[in-house]
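Let's take a friendly walk through this model, starting with its charged pairs and then turning to its sheet.

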Amino acid sequence: MSETKTVSAAESLLPTYARYPIALVKGEGSWLWDDKGNKYLDFMSGIAVTNLGHAPQRVKEALVQQLDQLWHVSNLFQIPNQVEAAKLLTDNSCGDAVFFCNSGAEANEAAIKLARRYHQLVKGNGRYEIITFHQSFHGRTLATLTATGQAKVKEGFAPLPEGFTHLPLHDFAALEAAVSDKTAAIMMELVQGEGGVNPVDPAYVQQVKALCEQNGILLIIDEIQTGMGRTGKLFAHEHYGIEPDIFTLAKGLGSGFPVGAMVAKEELREAFGAGSHGSTFGGTPISTAVVKATVETIVGEGLSQRAAEQGEYLVAQLREKLAEAPFVQEVRGLGLLVGIQCAGPVAGLLTEAQKRGLLVISAGPEVVRLLPNLLVTREEIDEAVAILEELLKASS
């Protein structure tokens, strides 16, 4: 170096996040503490990640045990944890084969690649186009941000990959018109999380599924935010009575440990033969030990049903307490993925909630999103609702 650098510690990071001035250093269950000793009720769950709360004991024990044994060997070898974790997912879903990766974006990227490769190399029809919907969010890689139906995530990244079409949600006529002999897959979230906590109408989902079957199109369901019990079922598509050809997971799959997965039907297996796709860190002994413990806990303790019950209670309390708040237009959601639609921007409200010891997040500029863990208690819900009632009734 030719001269002494004067960059501060904070400036050593690229400014890709608009961070709050809070440094969280400890978590337990539904609670977090910052470096000043302040305590917060966490209704963000790391954006739908810590579905079992912070530092769940069973997952911690599995992680520590694996850390004492083996960390990494590469996917050139058999990894027993990976096989067992995949079996847990296929035994508890409509899927038949799993690919492990590191994140939701990578899981969605894998789903896009699998859909194209299946049509082009297995079916031999050359299809490659993926249809997605306005206000969707599918990731930050070039392909998944292109798949995302929000312009803000694409700014400055041109040229974007071709082969993606975005349509208004619930406009079946537009969807029918967009389908062609180049359409490989329709990709959708069943509750748009980042797009405003918008559950998709069940009748529309049935129409989409039928359209896919009639035209040989694959249906990809993005369960990155909705999966792992969050909506009151292990996977959101179970609410809709459909079986996707591919669905993707991340966030709550690893209880805070970075891991993602793509789950596919049996007929798609041959499209991803040896060498067709891969991930250096996908499905390591460590990550899949965490997946095993997480899935076993959610399934074994019936936490999806618990999320359904607690979600109903949360929504009922919000609707009752906020009924006379002019700033609130609607409370909606599924399970413990809940949105409060407001009449104006909510950024300031989030900051005020933090000052009162409650952490919540937005879903677009005018929606407060609530994502408590699946083990949240009624007392904790009551405490969060009381804070929100105070803030929202004072807003205008």
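## A charged pair and its network

Arg 356 and Glu 390 form a salt bridge through their side chains, at 3.4 Å from N to O; the term covers a side-chain nitrogen of Lys or Arg within 4 Å of a carboxyl oxygen of Asp or Glu. The two residues are 34 apart and link distant parts of the chain, with Arg 356 in the loop between α10 (347–355) and β15 (358–359) and Glu 390 in helix α11 (residues 378–394). Helices here are DSSP runs of H or I with at least four residues, and strands are runs of E with at least two, numbered from the N terminus. Arg 356 is partly exposed at 36% relative accessibility, and so is Glu 390 at 46%; buried means under 20%, exposed over 50%, and partly exposed in between, with a 1.4 Å probe and protein chains only.

Helix α11 also holds Lys 393 and Glu 389, four residues apart, about one turn of the helix. Their side chains meet in a salt bridge of 2.9 Å, N to O. Salt bridges with shared partners also join Glu 352, Lys 355, Arg 356 and Glu 390 into one network.

## The sheet

Seven strands make an open, mixed sheet in the order β4-β12-β11-β10-β7-β5-β6, where pairing requires at least two DSSP bridges between two strands. Because β4 (97–101) and β6 (164–167) each have a single partner strand, one side of each lacks a neighbour in the sheet.

## About the model

This is a predicted model, in which local features need pLDDT of at least 70 and side-chain atom pairs count only at pLDDT 80 or more, while totals for chains, interfaces and linings use all residues. Residues are numbered from 1 along each chain as its sequence is written, and side-chain values use heavy atoms, leaving out hydrogens and water.
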